[in-house]
Amino acid sequence: MSKKSEEKKAKIEEKGITQALVKSVEETKDALDANRRYEERKKSKKEARNYFIFFVVFAAFCLAYILLDRFLPSDTWIYPYLFDEANHVTAKILSSIQVLMVVEGIAYLIRIIIVATFAKRSHKAVTISRLASSGVKYIAGIGVILGILSVWGVDTATLIASAGVLALIVGLGAQTLIADVIAGIEIVFEDQFQVGDVVVIDSFRGTVTEISLSCVKLEDMAKNLKVIRNNQINTVVNLSRQLSTAVCDFTVSYDTDFVALRKLIEDDLPNLRVEFPIIQEDPLFLGYQELGLNGVTCRMIARIKEDDKFDATRKLNEHYLLLLKKNNIQIVINQIQVSQKQK
């Protein structure tokens, strides 16, 4: 077999290996994306099932209460226990349950409408919708408390009128919660970050999955969840506002023909955009980064989205490893030599 045929065969084999590796990485990424979508669908189905059960119970309770009130004779022994709130604890308990279910049912409907309205819009719209949903939940809780107190004979009008004193008492006991709420509003309306952004808070790098009135939730690549109270966020590094940089460094021997090496790399640059679509801008060869003891370090960079940073770095390392090997350019590995003195 001629030398030309051997080189051609070697090129075909290397191309096959490269394609197999690229395919493997893409399949892994697709599998992770599919798993994430499956978990999201599973969570959505669970929430929908819970909502459905709640509304079925709510509807059944309301229907039973209305039918009993309409058709149950008032002289029946059980009637006062069900409907005479002034005299019987049982009626008050049932009325309290009714208040709870009505207020929470309305709150659930409002939250579903808010989330559904902003579901397919921008990240900022999604963030505001989740913040509004969290606010509706807190307001519903206050409404339930006031409604139940009213059922049990507490003068809620006087209680609301004296809200200034109550606010002072609550404020002294819940300063942290108030600080969290104010900080959460500032985060959203100052547009510091949004749901879906990749940020670094307290040396923890992760994707923002939720912004509520009290806390921010981050999820890293290993699906670890970190919950940070809003008022404890002092500095934030938002990595999603601009394109990030993937860096590939490799060291070659001083015996390398550096003119030929530069030409080889620059001629290969257009292939990177075709081979790796995640690269957003034309990659750059920055030149010779460092003159080391064992060789010269070359640096390549590519501009990509922050979510693809580590994947792009791995792909660049693989690409230049195969490219240099294909063109018989030696990659230098730092070695440590240990010598022992002879006695």
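Predicted model: local features only at pLDDT ≥ 70, side-chain atom pairs only at ≥ 80, totals over all residues.
Biologist: Noted. How many bridges join E2 to E3?

Modeller: Four bridges join E2 to strand E3, residues 215-219, and the two strands run antiparallel. They also form a hairpin, with three residues between E2 and E3.

Biologist: Let's step back to the sheet around them. What is the order of the five strands in that open sheet?

Modeller: The order is E4-E3-E2-E1-E5, and the pairing is antiparallel.

Biologist: Which strands stand at the edges there?

Modeller: Strand E4 (225-229) and strand E5 (237-238) do. Each has a single partner strand, so one side of each is left without a neighbour in the sheet.

Biologist: What about E1 and E2, how many bridges do they pair over?

Modeller: Four bridges, in the antiparallel sense, between strand E1 (residues 198-201) and strand E2 (residues 204-211). If you want to find that pairing on screen, Val199 stands opposite Gly206 in E2, and Ile201 stands opposite Phe204 in E2.

Biologist: Which residue in the turn of the E1 and E2 hairpin has a positive phi?

Modeller: Asp202, with a phi of about 55°. That hairpin has two residues between E1 and E2.

Biologist: And in the E3 and E4 hairpin, which residue in the turn has a positive phi?

Modeller: There you want Lys223, with a phi of about 70°. The hairpin has five residues between E3 and E4. Five bridges join these two antiparallel strands, and Glu219 has Leu225 in E4 as a bridge partner.

Biologist: New topic: the three-stranded sheet. What is its order?

Modeller: E6-E8-E7, an open sheet with antiparallel pairing. E6 and strand E7 (284-291) stand at the edges with a single partner strand each, so one side of each has no neighbour in the sheet. From one strand to the next, the twist averages 25°.

Biologist: How many bridges do E6 and E8 pair over?

Modeller: Nine, in the antiparallel sense, with strand E8 covering residues 296-304. One spot to look at is Val252, which stands opposite Val296 in E8.

Biologist: And how many bridges join E7 to E8?

Modeller: Six bridges join that antiparallel pair. A hairpin of four residues connects E7 to E8, and Glu290 stands opposite Thr297 in E8.

Biologist: Which strands does H8 lie across?

Modeller: H8 lies across E6, E7 and E8, and runs at about 145° to E7. H9 packs on the sheet as well, touching E6 and E8, and its direction makes about 30° with that of E6.

Biologist: At what angle do the axes of H8 and H9 cross?

Modeller: At roughly 135°, with the axes of helix H8 (residues 258-275) and helix H9 (residues 309-326) coming within 12 Å. That angle makes H8 oblique to H9.

Biologist: Is the crossing right-handed or left-handed?

Modeller: H8 passes H9 in a right-handed crossing. On the H8 side the contact is made by Leu261, Leu264, Ile265, Asp268, Leu269, Leu272 and Glu275, and on the H9 side by Leu316, His319, Tyr320, Leu323 and Leu324.

Biologist: How do the residues of that contact divide into nonpolar, polar and charged?

Modeller: Nine are nonpolar, one is polar and two are charged.

Biologist: Where do Phe250 and Tyr320 sit in the chain?

Modeller: Phe250 is in strand E6 (residues 244-252) and Tyr320 is in helix H9, 70 residues apart, so to speak a link between distant parts of the chain.

Key. Residues numbered from 1 in each chain as written. Heavy atoms only, no water. Axes fitted to C-alpha atoms, helices over the stretch in contact; angles between N-to-C directions. Parallel < 35°, antiparallel > 145°, perpendicular 65-115°, else oblique. Left-handed = near helix turned anticlockwise from the far one by under 90°. Contact = heavy atoms within 4.5 Å. Nonpolar A, V, L, I, M, F, W, Y, C, P; charged D, E, K, R; others polar. Pairing = 2+ DSSP bridges.
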